[in-house]
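Trainee: I'm new to this one. Could you walk me through it, a question at a time?

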Amino acid sequence: MKLASNTPDWVLAALEERRQQDLMRRTITLDSPQIPHTKIYSQDYTAFCSNDYLGLANHPKLIKAMNNTAEAYGVGGGSSHLVCGHLAPHQALEEALADWLGYERVMLFSTGYMANLGVISALADKNRPVVQDKLNHASLIDGALLAQAPLRRYLHGDVESAQKLIARSAPGGLLITDGVFSMDGDIAPLSELSQLANQHDWMFVVDDAHGLGCLGENGRGCLALEGLDATSLPILVGTFGKAFGTAGAFVATSHDYADYLTQFARPYVYTTAMSPAIAGATLASLQLIQSAEGQERRDRLARHIAYFRQRVQSLPVELMPSNTAIQPIVIGDSKAAIQISEQLKTLGIWCTAIRPPTVPIGSARLRITLSAAHSDEDLVLLCDSLEKVLTAKLLNAKRLNPKRLNPKRLNPKRLNPK
């Protein structure tokens, strides 16, 4: 029996507007935990939309480490880090991460969103402005809003635009960027931004959620790829829900910044610590990332990226410049993007259409993500399916128009990051 609705009209109107604009979001339940091969609504699919870039989420060593840690320390943290929730697995993980990345201290957070909110809301305020990339993740924007700091956003990947905004802002602010941009897959000009922050005596903050584990020497992400260190990049945020295959996040920084965040980062102070079992599994993941197996997985992922780009570049669509696991194909229209996603499902490919407001209006896309867990056969299936669907869409329906992709947003210099 359906109960009478007391939902306000404005809520219902907002939902209807989303439906009319083909922007309605829905939760999908997977019947099988395996990625890339999964079962959704009792149908078999090969998934190309997971952030499990190295294919570690179901690795036997992580599962074993999680079970062993849970048996020894329990499942829940039980309290915040500052009360009685900071256990030996947390400390071991923090120390291992600090050693790996070359920082004095690492602080664990429950999620990447919480880490960004914590760092920015603690360091910025009405007198310490924030300048950040126009395509930064929502958590970086929300951190500045939570701090009630003056917020300005520079043109994507444009150091000159960032310099102009800093020059017009009060001194001593925060310059913030993603390392790898989650919806475009390109890499920020971190070396130049670091120099800019240093010239103006601004704090430089990078969220490398999508780079750590996958890029750079020993998997150290954009930090290593761009030749930066703890001095040139004083505040580094990373997450475990992508290449690490677990959950949670961290901030790598100096002793002084860590002590400051311990006092003033409210999402750290007032949140229960991450599960010690997750911390144990993440430490096992870090060890794998640093090992020969981790390098082999990075090499396999790189081969998948090269093959995918070679195949898709011959199709009648524009592929955005990215050498990372994130390979977006911009469609433009939200309805067309949904239709293409649905057609791929009939061929056994699961790739969710990404639409506004997650991406700018007019840039709905297939956000294809590749993983070391994919086989060569998986990549052939993906590319063959894309060729069939996209070519048919252009020839028969005439609804795709690659010129909808704004060429000003394509930066060839980022195609081959150093």
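What follows is a chat about some helix packing, salt bridges and backbone details in this predicted model.

Trainee: Let's start with packing. At what angle do the axes of helix 5 and helix 6 cross?

Mentor: Find residues 112–123 for helix 5 and residues 138–147 for helix 6. Their axes come within 8 Å, and helix 5 passes helix 6 in a right-handed crossing. The crossing angle is roughly 35°.

Trainee: How many residues of that contact are nonpolar, polar and charged?

Mentor: On the helix 5 side, look at Y113, N116, L117, I120 and S121. Helix 6 brings in A138, S139, L140, D142, G143, A144, L146 and A147. Sort the contact residues and you get 8 nonpolar, 4 polar and 1 charged.

Trainee: On to charges. How many salt bridges are there?

Mentor: Side chains of opposite charge can pair when their charged atoms come close. Here the cut-off is a side-chain nitrogen of Lys or Arg within 4 Å of a carboxyl oxygen of Asp or Glu. By that rule, the count comes to 12.

Trainee: How many residues apart in sequence are the parts tied together by D259 and R105?

Mentor: These two side chains meet in a salt bridge, N to O at 3.3 Å. D259 sits in helix 10, whereas R105 belongs to strand 3, so the pair ties together parts of the chain whose separation in sequence is 154 residues.

Trainee: And for E293 and R297, what separates them along helix 13?

Mentor: They form a salt bridge whose closest N and O atoms are 3.1 Å apart. E293 is partly exposed at 28% relative accessible area, while R297 is buried at 13%. Both are in helix 13, 4 residues apart, which means a separation of about one helical turn.

Trainee: Which residue is the salt-bridge partner of D384?

Mentor: D384 lies in helix 15 and its partner in helix 13, 73 residues apart. The N to O distance is 2.7 Å, and the partner is R311.

Trainee: Now R220. Which side chain of opposite charge is nearest to R220?

Mentor: R220 lies in the loop between strand 7 and helix 9. Beyond its sequence neighbours up to four places away, R220 touches W100, L101, D208, L212 and L215. R220 is buried yet has no salt bridge: the nearest opposite charge is 5.3 Å away, and that side chain is E217.

Trainee: Is D201 buried or exposed?

Mentor: Most residues other than glycine have a negative phi. D201 isn't a glycine, yet has a positive phi of about 60°. You'll find D201 in the loop between helix 8 and strand 7. Its relative accessibility is 65% and the cut-off is over 50%, so D201 counts as exposed.

Trainee: What is the phi of N218?

Mentor: Look in the loop between strand 7 and helix 9. N218 counts as partly exposed, at 28% relative accessibility. Its phi is positive although the residue is something other than glycine, and the value is near 60°.

Technical notes:
Residues are numbered from 1 along each chain as its sequence is written. This is a predicted model: local features need pLDDT of at least 70, side-chain atom pairs count only at pLDDT 80 or more; totals for chains, interfaces and linings use all residues. Side-chain values use heavy atoms; hydrogens and water are left out. Axes are lines fitted to C-alpha atoms, for helices over the stretch in contact, and angles run from 0 to 180 degrees between N-to-C directions. Helices (H or I, at least four residues) and strands (E, at least two) are DSSP runs, numbered from the N terminus. A crossing is left-handed if the near helix is turned anticlockwise from the far one by less than a right angle, and right-handed if clockwise. Contact means heavy atoms within 4.5 Å. Ala, Val, Leu, Ile, Met, Phe, Trp, Tyr, Cys and Pro count as nonpolar, Asp, Glu, Lys and Arg as charged, and the others, Gly among them, as polar. Buried means under 20% relative accessible area, exposed over 50%, partly exposed in between (1.4 Å probe, protein chains only). Lys and Arg count as positive and Asp and Glu as negative; His and the chain ends are not counted.
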